[in-house]
Amino acid sequence: MRRLEPQVRELKESFNQSVSNSFANTFFSRFITVANEEIHPAVTPIPAVITVVTRLQSILGQEIHVGEWHEVDQYLINNFADVTGDDQWIHTDTERAEKESPFKATVAHGFLVLSMLPKLRGLDSYAAKNYPEARMIVNCGMNEVRYLNPVKVGSAIRSRTFLRKIEPNKRSIDLTEEVIVDIHNSKKEALRTELLTRIYL
């Protein structure tokens, strides 16, 4: 091992030098520069973006929408179970749920409540009020979803939306909105999530 150690050290130094020379090469330098520009582009927003961002900054952190109450009935729950294949008895078997469930009634699927967000948020009126300049609004995903309490059949739910983050692009704006779903006549919340939305101007 002692005899091999100098050779291994020399081989390692040679390899490191080769890698350094490669990245000093004009081609690799140009490649790295382009990659960095893609990750961190120098963006100059169009005037419409600047105008909307300036207006939205004044309501950052505030509650910007409260939806109408909507009842979750058994018909809605059953239809969702048919579409998704999730027909577990806690959702669809009213008699068994009344006897065996700790909730003493069927409950809505968590994904059903989540999928109702466009309806709960009344997206057309919501967008017209908060982003009237938008040509198009696209759902880009969620940061996290937390199901906090079950929604029993016959309960009414609504959404509340808070503007948490604004990120301007050249011709669009990325928004992070916290959405809370309330249960009527209860201090408990059904869920909380962060929606990622892009507004095109």
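**The largest pocket**

Author: The model is predicted: local features need pLDDT of at least 70, and side-chain atom pairs count only at 80 or more, whereas totals for chains, interfaces and linings use all residues. Residues are numbered from 1 along each chain as its sequence is written, and side-chain values use heavy atoms, without hydrogens or water.

The largest pocket has a volume of about 240 Å³. Among the 15 residues that line it, P118, R121, L123, N139 and L195 are the closest to its centre. (On a 1 Å grid over the protein atoms alone, a pocket is an open set of points where a 1.4 Å probe fits, with protein on both sides within 12 Å along at least five of seven lines; lining residues have an atom within 4 Å of a point. The volume is the space filled by probe spheres set on the points.)

At least two lining residues come from each of helix 8 (117-120), helix 9 (123-130), strand 3 (136-147) and strand 6 (189-200). These elements belong to a protein chain with nine helices and six strands (DSSP runs of H or I, at least four residues, and of E, at least two).

As for confidence, the protein chain has a mean pLDDT (the predictor's confidence in each residue, from 0 to 100) of 85, and 79% of its residues reach 70 or more. Strand 2 (residues 70-71) has the highest value, 98, and helix 2 (residues 26-39) the lowest, a mean of 41.
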